[in-house]
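Hi,

Here is the structure I promised to pass on. Have a look at it first, and then read on for what turned up in the pockets and among the aromatic rings.

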Amino acid sequence: MREAFGAKFDVPDGYLNTASIGIPPTDVVHALTESVARWGSGLDHPADFEPAVATARGAFARLVGTAADRVAIGATASQLIGLVAASLPDGARVLVAKQDFTSVLFPFAAQQDRGVRVTEVELSEIADHAADHDVVAVSAVQSSDGRIVDLDALRQVAASTSTRVLLDVTQALGWLPMRLDWADWVVCAGYKWLLSPRGAAWLAVHPDAPEIRPNSANWYASDDPWNTTYGLPLRLADDARALDLSPTWFAQVGAAVAMDWLAGLDMTAVAGHCAGLADEFRTALDLPPAGSAIVSVQVPDAVSKLTAAGISCAMRAGRARLSFHLYNTAADVERAVNALRSA
């Protein structure tokens with residue numbers, strides 16, 4: 001059992017794979033266990049999950065620096081990005097980063113039959129080319145190697161041009177301090193750095209962003225979900241809830257506990273801890289510091305060496321990927337370094 005930032009985690013030594021699956025605090029596990037037990041005993045009604053949905057929605061808003069009424073809920077990042085992509089006009093020009101995560105790229109690429117043009121450039125060149133496009137869609141932190149997009153430059157682009165900005169913060173939110181009330185759309189899945197169950201995702205929409213067609217319109221997106229469940233006419237909420245997907249209940253139960261706690265932390269301190277450990281690891285391998293909680297290393301047989309030493313990591317883009325979250329320690333760094341230095 002480990003303690004970090006006031007929470008307890010039943011996380012094994014050497015777990016450096018948060019970029020794949022985050023480990024929840026024990027309070028989250030207890031909340032989920034109790035909720036499943038209630039379900040198994042027939043004690044819950046659908047409306048009983050509303051407080052969890054509202055808490056998680058509000059916590060996400062606080063983490064990205066916006067208001068809860070600008071936040072829609074979904075199940076996956078790609079589903080929410082797909083709403084934005086499907087709402088672009090025919091012929092729209094979309095700029096993306098080369099080798100970004102496909103859940104950011106594919107929703108726009110799937111619109112090419114409508115003349116939507118998707119152009120790839122290096123991550124470092126995104127801001128330079130943004131003004132020549134209608135939309136920039138990019139991960140704030142790259143999944144494969146932890147590189148961080150120049151958010152300040154993108155903010156300047158958003159302020160000084162007509163280019164719209166969509167940010168996927170799935171690999172950033174929860175360890176990187178962020179205030180993104182300037183971006184048109186901010187999307188995040190909760191099962192990595194937000195330490196929540198898979199099945200919960202959020203979309204923050206800027207009030208001046210182009211209108212999104214609610215292609216997933218459903219009863220829960222109604223202006224009065226519990227009293228307008230049958231028949232026409234279309235009756236959608238007058239805020240971002242019009243884009244809501246019906247909630248995945250248990251994912252929202254866990255997210256409410258995990259994210260409410262995370263939203264109350266000093267994210268600057270969290271980033272210092274997470275990126276600090278990652279940079280200690282990089283320094284030990286003679287790599288320059290990067291200020292990111294994700295590290296990608298090219299060492300022969302890296303994944304097999306790390307796995308043999310009891311390190312949980314991932315193989316991404318042909319390299320070993322390690323990720324350091326708030327429950328990791330210097331001992332995890334030492335174990336990983338020693339494993340990679342072994343013969």
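**Pockets, a cavity and some rings**

Keep in mind that this is a predicted model. The largest pocket has 16 residues in its lining, and those nearest its centre are Val205, Ile212, Asp239, Ala240 and Leu243. Its volume comes to about 270 Å³. Sorted by class, the lining of this largest pocket has ten nonpolar residues, five charged ones and one polar one.

The second largest pocket has a volume of about 230 Å³. Its lining counts 18 residues, with Ala77, Phe101, Ser103, Thr170 and Tyr191 nearest the centre. Here the classes split into eight polar, seven nonpolar and three charged residues. Tyr191 turns up again in another contact: Arg198 lies over the face of its ring, 4.4 Å from the ring centre.

There is also one cavity of 30 Å³ or more. The space in this largest cavity is about 60 Å³. Val64, Thr66, Arg70, Leu180, Asp181, Ala183, Asp184, Val186, Ala204, Val205 and His206 line it. By class, that makes six nonpolar, three charged and two polar residues.

Now for the aromatics. How many aromatic pairs does the structure hold? The count is ten. One of them is Phe60 with Trp202, a stacked pair with 5.7 Å from centre to centre and 15° between the planes. Phe60 belongs to helix 2 (residues 50-64) and Trp202 to strand 9 (residues 201-205), so this pair ties together parts that lie 142 residues apart in sequence. Are the two partners buried or exposed? Phe60 is buried, at 0% relative accessible area, and Trp202 is buried too, with a relative accessibility of 0%.

Trp219 and Tyr220 make a pair of another kind: their ring centres are 5.3 Å apart and their planes stand at 80°, so the pair is edge-to-face. Trp219 is partly exposed, at 31% relative accessibility, whereas Tyr220 is buried, at 4%.

Finally, take a look at Trp39, Phe49, Trp249 and Phe250, which ring pairs link into a cluster.

Cheers

Technical notes: Residues numbered from 1 in each chain as written. Predicted model: local features only at pLDDT ≥ 70, side-chain atom pairs only at ≥ 80, totals over all residues. Heavy atoms only, no water. 1 Å grid on protein atoms, 1.4 Å probe; cavity = no way out; pocket = protein on both sides within 12 Å on 5 of 7 lines; lining within 4 Å. Points joined across faces, edges and corners; volume = space filled by probe spheres on them. Nonpolar A, V, L, I, M, F, W, Y, C, P; charged D, E, K, R; others polar. Phe/Tyr/Trp six-rings, centres within 6.5 Å; stacked < 30°, edge-to-face > 60°. Helix = DSSP H or I, 4+ residues; strand = E, 2+ residues; numbered from the N terminus. Buried < 20%, exposed > 50% of the residue type's maximum accessible area, 1.4 Å probe, protein only. Lys NZ or Arg CZ within 6 Å of the ring centre and 35° of its normal.
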